[in-house]
Amino acid sequence: MKIEVLGKNGFNPSDANKEYAAKKLSKLENLLQDYDTVTARVVCKVYKEYNKVEVTIPSKNIILRAEVTAKDIYAAIDGAIDKLIKQVRHYNDKVKDKLGREGIRSQDVSMADERVVRTKNIDLEPMTSEEAIDQMELLGHDFFVYLDKQTHKTNVIYLRADGGYAIIETDSKK
């Protein structure tokens, strides 16, 4: 696994921080099929009262993402890696028969429109709403765009304020 450790908000990761993140990420070696080819991006941010660590690993099958805040940067790294391990185990248990399908791939942003801070391209693989909920939860997002397996329409599933889920179904005008 290639590892990028970056600092934000004035934090400059030391070699010790980078080595610690690499050591902790090695726990994923036996869990990720494409461990040797993926790149983990670890972003460390320092705030007045806490530290935040965001780890993103775009794997072939899924995008793993964890975000943890803690008083200590090492505790935040530990928490993020623990979350990632839990995500991978959950994914492997629930979707063993679908591991070969393409996942979502993100792209860097064009700054042509300054209000757009990031652009993502996704491959819309047919899936059920349950599979879309699983992907959304793995990413830690409150919405997910997917192609409905039965209707072949692009849908958006999102987490409602009351804790339930709702789906926006699309129709194209002809």
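Student: In this predicted model, does Lys24 count as buried or exposed, and at what relative accessibility?
Tutor: The cut-off for buried is under 20% relative accessible area. Lys24 sits in helix α1, residues 15–25. Lys24 falls under that cut-off and therefore counts as buried, at a relative accessibility of 17%.

Student: Which residue meets the side chain of Lys24 in a salt bridge?
Tutor: Leaving aside residues up to four places away in sequence, Lys24 touches Ile77, Asp78 and Ile81. Side chains of opposite charge can pair when their charged atoms come close. Here the N to O distance is 3.6 Å, and the partner of Lys24 is Asp78.

Student: How many residues apart are Asp78 and Lys24?
Tutor: Asp78 is partly exposed, with a relative accessible area of 24%. The salt bridge between the two side chains links distant parts of the chain, with Asp78 in helix α2 (residues 73–94) and Lys24 in helix α1. Their separation is 54 residues.

Student: Which residue's side chain joins that of Lys45 in a polar contact of 3.1 Å?
Tutor: Lys45 belongs to strand β2, residues 39–46, and is buried at 14% relative accessible area. Beyond residues up to four places away in sequence, Lys45 touches Lys8, Asn9, Asn51, Lys52 and Glu54. Of these, the polar contact is with Glu54.

Student: What is the N to O distance in the salt bridge of Arg65 and Glu54?
Tutor: Arg65 lies in strand β4 (residues 63–70) and Glu54 in strand β3 (residues 51–58), so the pair ties together parts 11 residues apart in sequence. Arg65 is partly exposed at 24%, while Glu54 is buried at 14%. Both belong to a network of salt bridges that also links Lys45, Lys52 and Glu67. The N to O distance for Arg65 and Glu54 is 4.0 Å.

Student: In the hairpin of β9 and β10, which residue takes a positive phi near 95°?
Tutor: Strands β9 (residues 154–159) and β10 (residues 165–169) run antiparallel and are joined by five bridges. Leu159 stands opposite Tyr165 in β10. Five residues lie between the strands, and the one with the positive phi is Gly163.

Conventions: Residues numbered from 1 in each chain as written. Predicted model: local features only at pLDDT ≥ 70, side-chain atom pairs only at ≥ 80, totals over all residues. Heavy atoms only, no water. Helix = DSSP H or I, 4+ residues; strand = E, 2+ residues; numbered from the N terminus. Buried < 20%, exposed > 50% of the residue type's maximum accessible area, 1.4 Å probe, protein only. Polar contact = N/O pair within 3.5 Å; in protein donor to acceptor, adjacent residues only side chain to side chain. Contact = heavy atoms within 4.5 Å. Pairing = 2+ DSSP bridges.
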